[in-house]
Protein chains: 2
Amino acid sequence: MTATSPPPEALRNPHPFDVALALRADGAGRFIATTSPAYWNMVGPYGGITAAAVLEAILRSEGVIGDPVALTVNYAAPIRAGEYVLETRAIRSNRTTQHWSVMLVQGDHREVMVSATAVFALRRPTWSDTEAKAPDMSPALDCPRVKPRSDIAWFDRYDMRVPAGGMSFGGSESLTTGWIRDDPPRPLDFPALASICDTFFPRVYLRRAARVPIGTVSLNIYFHADRAAVARNGEGYLSTRAQAQAYGGGFYDHHAQVWAADGTLLAVTQQIVWFKE
Amino acid sequence: MTATSPPPEALRNPHPFDVALALRADGAGRFIATTSPAYWNMVGPYGGITAAAVLEAILRSEGVIGDPVALTVNYAAPIRAGEYVLETRAIRSNRTTQHWSVMLVQGDHREVMVSATAVFALRRPTWSDTEAKAPDMSPALDCPRVKPRSDIAWFDRYDMRVPAGGMSFGGSESLTTGWIRDDPPRPLDFPALASICDTFFPRVYLRRAARVPIGTVSLNIYFHADRAAVARNGEGYLSTRAQAQAYGGGFYDHHAQVWAADGTLLAVTQQIVWFKE
């Protein structure tokens with residue numbers, strides 16, 4: 001370790017995720033934030049950190065009830081580096097559910113870069129069951145880590161592991177399973193879980209065995225865990241499964257699941273992605 | 001046929017779906033509509049007809065570009081019988097994509113009953129492939145029709161067919177496949193396809209072998225077909241596949257696919273449903 005390489009603890013205090021999500025309240029439902037170089041993608045912030053910021057703004061809003069159940073984030077334009085504003089609005093509050101609308105705007109003309117909706121709810125004990133099956137893989141530390149990429153900052157903010165031979169390039173199926181956690185590690189919460197829902201390797205890269213131009217257009221997440229179940233995961237690895245369903249006309253989708261190490265299905269997510277090929 | 005039983009043609013001209021979606025333009029982005037008894041559910045309109053009305057309002061809006069790619073409908077409160085207003089807003093128009101926000105409001109105080117977002121886009125030819133597999137079933141007319149229910153009007157607006165033994169009540173899996181078309185038949189379009197994305201038999205009814213209180217909280221649809229591919233289906237049966245992933249804390253989800261008879265994946269959809277059990 002040299003004088004220019006900070007010790008791991010310095011990276012964790014504060015954690016870059018918390019730096020990226022540092023929102024400044026600015027009147028009724030408005031929060032001011034700044035894009036984070038640590039989560040930069042190719043032509044804008046990584047979509048997952050934006051989804052996390054949307055959720056964080058609601059979680060910090062006055063009068064919020066319960067936990068997130070559903071989140072949809074529509075990416076309308078690449079957010080520019082610098083300051084942005086999250087405008088949150090509780091459009092309907094019922095006894096046990098609450099519906100939110102969030103606009104992410106930039107500039108003097110309040111240019112909309114992202115629009116989002118969320119449903120929050122007070123969860124209560126009911127009959128429960130999980131039909132989906134958690135991936136059957138070697139333990140995380142037995143799976144090789146996906147190589148960091150020096151050209152995409154956010155990619156290095158995740159420790160992603162895929163079983164040996166688990167990524168097939170140029171094949172006829174895009175199904176992958178894997179492990180993931182924040183790097184440096186960080187106790188899981190809802191914004192971090194939302195962000196992880198956008199980490200899946202682009203299915204079109206797998207199928208075409210090439211990096212083609214892509215951009216997520218819309219991301220949908222359903223949370224299947226309450227705050228306590230999310231927190232229980234701590235800094236542990238999460239297991240994931242993802243597969244595309246169809247590609248064509250300039251768009252493809254994928255559907256994915258995120259599991260706690262103890263076998264709890266924490267979230268299911270699907271997204272539709274613009275691509276050029 | 002008696003004097004009190006109208007001939008089938010009378011039911012089709014106009015079709016009840018078109019009656020339900022008769023919107024009256026009322027100034028910039030506003031459309032006035034009336035709930036349809038033909039698509040009534042238990043305590044409000046069937047959620048699918050509401051999703052269809054949201055899409056219809058956008059399709060009829062000035063300056064709309066392309067075809068729908070993504071639609072999210074959040075059901076905030078049961079819509080009351082009678083008039084309602086759809087307020088559409090193009091929140092961002094790019095060269096080939098357009099982002100919409102729609103609020104469904106009722107009453108003098110513009111009470112929000114439904115909030116929705118949609119992404120429209122100009123599709124263009126690209127590499128295409130379908131990874132999902134269409135259900136392998138007997139032809140529609142060889143499958144028995146699910147018995148109409150006199151207590152739920154909208155249920156009779158669909159001719160739903162499930163292979164013999166294809167619905168398991170009280171088992172450990174909620175997976176079903178089936179056939180569906182409008183009843184009376186009607187050429188498929190995007191609003192009709194959106195409506196069909198909400199027809200899936202409640203997974204919790206299958207698993208618990210009981211009708212428990214439920215309500216869809218949020219519905220998400222990705223369209224994988226352009227206008228021509230949707231129209232090609234005509235009045236043909238569509239094949240479907242649906243399965244829940246997890247139940248607990250008062251909510252469960254399901255994930256589903258809708259296929260044209262020729263094997264084209266037209267739409268994928270997931271929804272999260274409040275339940276009490």
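**Close-up views of charged and buried residues**

A search over all chains of this predicted model finds 32 salt bridges in the whole structure, a salt bridge being a side-chain nitrogen of Lys or Arg within 4 Å of a carboxyl oxygen of Asp or Glu. As this is a predicted model, local features need pLDDT of at least 70 and side-chain atom pairs count only at pLDDT 80 or more, whereas totals for chains, interfaces and linings use all residues. Residues are numbered from 1 along each chain as its sequence is written, chains are lettered from A in the order in which they are written, and side-chain values use heavy atoms, with hydrogens and water left out.

**View 1. A salt bridge between B:R207 and A:E131**. The two side chains meet at 3.1 Å, N to O. B:R207 lies in helix 5 of chain B and A:E131 in the loop between strand 7 (129-130) and strand 8 (158-161) of chain A, so the pair joins two chains; helices (H or I, at least four residues) and strands (E, at least two) are DSSP runs, numbered from the N terminus. B:R207 counts as buried at 10% relative accessibility, and A:E131 is buried at 4%, where buried means under 20% relative accessible area, exposed over 50% and partly exposed in between (1.4 Å probe, protein chains only).

View 2. B:Q243 is buried, its relative accessible area being 13%. Not counting residues up to four places away in sequence, B:Q243 touches residues including A:E131, B:R203 and B:H254, contact meaning heavy atoms within 4.5 Å.

**View 3. B:E87 with two arginine partners, B:R30 and B:R110**. With B:R30 the salt bridge of B:E87 has an N to O distance of 3.9 Å, and this pair links strand 4 (residues 83-93) to strand 2 (residues 30-34) of chain B, 57 residues apart. With B:R110 the closest N and O atoms are 2.6 Å apart; B:R110 is placed in the loop between strand 5 (97-106) and strand 6 (111-121) of chain B, 23 residues from B:E87. B:E87 is buried at 16% relative accessible area, while B:R30 is partly exposed at 29% and B:R110 is partly exposed at 46%.

**View 4. B:D198, a buried residue without a salt bridge**. B:D198 sits in the loop between helix 4 (190-196) and helix 5 (203-208) of chain B. The nearest side chain of opposite charge, B:R203, is 10 Å away.

Conventions
Lys, Arg positive; Asp, Glu negative; His and termini not counted.
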